[in-house]
Amino acid sequence: SKTKKNLTEQIESIVFRHRKIDDDFLEELEEILITSDMGVETTMDIIEYIKTETRKRNLTDTSEIKDVIKEYLINMLEENDEDNDTENKQRVILIVGVNGVGKTTSIGKIAYRIKQSGKSVIVAAADTFRAAAVEQLKEWCLRAGVDIIASEQGSDPGSVIFDAVNAAKARKTDVLICDTAGRLHNKKNLMNELSKIFKIIDREFGEAKLDVYLVIDATTGQNGLIQAKLFSETCSINGLILTKLDGTAKGGIAFPIVNELKIPIKYIGVGEKIDDLQDFNATDFVNAIFE
Amino acid sequence: MFENLSDKLQNALQKLKGKGKLTEKDIDLAMKEVKMSLLEADVNFKVVKTFINSVKERSLGSEVMESLTPGQQVVKIVHEELVKIMGQGESKLKINSNDITYFMMCGLQGAGKTTATGKLARKLKKDGKRPLLVACDIYRPAAIKQLQVVGASVDVPVFEMGDKTNPVTIAKEAMKHAMKHGHDIVIIDTAGRLHIDDSLMEELVEIKQTVKPDEILLLLDAMTGQDAVKVAETFNQYLDITGVILTKVDGDARGGAALSIRNVVDKPIKFLSVGEKMDQLETFHPDRMASRILGMGDVLSIIEKA
Ligand SMILES: Nc1nc2c(ncn2[C@@H]2O[C@H](COP(=O)(O)OP(=O)(O)OP(=O)(O)O)[C@@H](O)[C@H]2O)c(=O)[nH]1
Ligand SMILES: Nc1nc2c(ncn2[C@@H]2O[C@H](COP(=O)(O)OP(=O)(O)OP(=O)(O)O)[C@@H](O)[C@H]2O)c(=O)[nH]1
Ligand SMILES: [Mg+2]
Ligand SMILES: [Mg+2]
């Protein structure tokens, strides 16, 4: 049974109970925002913003608050959204993130989408660690109809990347997408390995446009922010993919990440099928939180 | 896990420590900080609220107000309430002595089911058991192959019927297979699913009815946010789970999910999964965990200085 009291319902219920925008009202609002994983800091920012706007615009009625919050959140997300499909260069997309967030699945979906748009794609299987990671990616590449460069489990991920870059150069492939093993951001050696991968691409394929996307599971709590910080330090992340938004979590952690690190969200994952990937749209995303 | 939470809690409480007399305002301020540090650790909002309320109520009672060292008394109360939330005593796996024991693993996508299936098998094999793993994930690409690789790495056989047979049938056939081949432990790996996916949740219910597992273990990622409780509640409603395995505890998540689960579904956390390798599974001790959160040594020393 899909019983889920959504934000709008919750806000409406407090709007109903509090006619005036006062401390009690704001405290309840604070609770609601925190339960969507936005974190204490972002929540406080929103509350401050509401206070200021209430004064500025002379708002007295609690029912006007919803639009103020929406507006604030949409702004936060849109501020960082730039276009990136303008260049004619070859492109490399490196996909990174902690364990089990949906990297490999997202790669299958992205590869399919790029292939459908008429471009050529190679996928590099640089997760040489996890059991059957290569087989899983192979299946996705089969579904997407794209080529894969892989080596056996236990081999050096750097050399897989090296081979894939050379293949992409030789075949003049439009887009090379690199899968990497899931790794927790607090594991030094694994992060060093990732840094090596990043450097190999940078060094061997400098002429290509490199995008590094961090995959974040929408159910992630406050740890997501630390993930984003540490992955950014290792290999400059310039996009986020927020997965599993078909669940009940609304991905509130994305707000502090975008807000603090100024990294835009590129795609959202909404299921396990090949076409369950959507371009990120700030208005839709914020509306979904409130619907 | 928990280090950060521990620091923050101690900071919040430290301020009360030296005070000879406490006003309601002192307590309010400290509790506000405690509340924020729990929320930043992803402790479920409702759990935080109940916790803060009971600490406040007790702190304003005569036991504290009339004490010569009210600050220390509050710290003590926080500690006691935390231990209460975590539950006490380790919770052992139920293992039949004369019959085959069945375990079923369930949880959201990517929580760590397949990995933990291998870890449990390894552990039980070391205890002299003859486990069999069952591949009931027919959906995820290469899920069966993954379980086979995991099984081979701990030298435990895997029963599979490909990805065209219904998981309920696979489970049923696995029972016969286990009987015939003298296995005493059967661990069923299931596909990851959303708790709101009715048809896939019903599939688990059917497997449960067919196998009647001795343990139904929910795998829960330690990095999960406020949604953790909803997930656990729903899996529990469908399946009446017997316990939880908290995964990816080797990360630096503050572990609020762990604090919330016991309190809301009243099912014990049985194991912590602390890495990707097969020997990285630990028995969970709630009391030790509470101590770790509070940096017990320090807290006790604060109390002792009373
Ligand atoms: N419901 C849902 N499930 C998803 C989504 N994206 C991925 N998954 C599932 O999440 C699980 C993990 O996905 P993977 O793609 O293997 O994740 P990963 O990050 O590559 O995992 P590792 O390589 O092990 O670190 C699988 O069961 C996927 O089917 C999504 O958007 N929604
Ligand atoms: N660091 C760490 N990684 C873990 C732990 N447990 C599992 N993993 C990793 O998390 C990812 C997902 O693990 P799986 O065992 O495939 O998860 P699952 O629940 O079976 O996933 P689905 O079948 O897709 O739902 C893999 O990369 C595992 O290696 C753990 O305790 N610590
Ligand atoms: Mg993967
Ligand atoms: Mg699995």
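How many of the 17 residues of α5(B) are buried? In this predicted model, the count is 14, which leaves the helix mostly covered. Helix α5 of chain B runs over residues 70-86, and from first C-alpha to last it reaches 25 Å. That is close to the 24 Å expected at 1.5 Å a residue. Just past the end of α5(B) sits B:Gly87, with a positive phi of about 80 degrees.

Turning to the ligands, ligand 1 lies between chains A and B.

Several polar atoms sit beside ligand 1. On the chain A side, a polar side-chain atom of A:Arg130 is 2.9 Å from one of the ligand's oxygen atoms, while A:Gly269 brings a polar backbone atom to 3.3 Å from an oxygen atom of ligand 1. Chain B takes part through B:Gln109, where a polar side-chain atom lies 3.3 Å from a nitrogen atom of the ligand. Taken alone, ligand 1 would expose 650 Å², and the protein buries 96% of that.

What about ligand 2? The site is shared between chains, because residues from both A and B surround this ligand. Here the shell holds 23 residues, with B:Lys113, B:Thr115, B:Arg140, B:Ser273 and B:Glu276 as the closest. Four of the shell residues around ligand 2 are nonpolar, eleven are polar and eight are charged. Helix α6 of chain B (residues 113-126) gives the most to the shell, again through four residues.

The contacts of ligand 2 also draw on both chains. From chain B, the side chain of B:Ser273 places an N or O atom 2.5 Å from an oxygen atom of the ligand, and the side chain of B:Asp250 has one 2.8 Å from a ligand nitrogen atom. From chain A, an N or O atom in the side chain of A:Asn99 lies 3.4 Å from an oxygen atom of ligand 2. On its own, ligand 2 exposes 660 Å², of which the protein buries 96%.

Next come the cysteines. How many disulfides does a search of the whole structure find? Over all chains, the number is zero. A:Cys178 is a case in point: it is in no disulfide, and the nearest cysteine sulfur, that of A:Cys235, is 11 Å away. Seen from the other end, A:Cys235 also has A:Cys178 as the closest cysteine sulfur, and at 11 Å the pair is too far apart for a bond. Are these two cysteines buried or exposed? A:Cys178 counts as buried because its relative accessibility is 0%. A:Cys235 is buried as well, with a relative accessible area of 0%.

Finally, there is a glycine in chain A to look at. A:Gly224 has its place in helix α9 of chain A, which covers residues 223-234. With a relative accessible area of 0%, A:Gly224 is buried. How far is A:Gly224 from A:Asp37 in sequence and in space? The two are 187 residues apart along the chain, yet their C-alpha atoms are 9.8 Å apart in space.

Conventions:
Residues numbered from 1 in each chain as written. Chains lettered and ligands numbered in written order. Predicted model: local features only at pLDDT ≥ 70, side-chain atom pairs only at ≥ 80, totals over all residues. Heavy atoms only, no water. Near = heavy atom within 4 Å. Polar contact = N/O pair within 3.5 Å; in protein donor to acceptor, adjacent residues only side chain to side chain. Areas by Shrake-Rupley, 256 points an atom, 1.4 Å probe, with all protein chains shown as cover. Helix = DSSP H or I, 4+ residues; strand = E, 2+ residues; numbered from the N terminus. Expected span 1.5 Å × (residues − 1). Buried < 20%, exposed > 50% of the residue type's maximum accessible area, 1.4 Å probe, protein only. Disulfide = S-S within 2.5 Å. Nonpolar A, V, L, I, M, F, W, Y, C, P; charged D, E, K, R; others polar.
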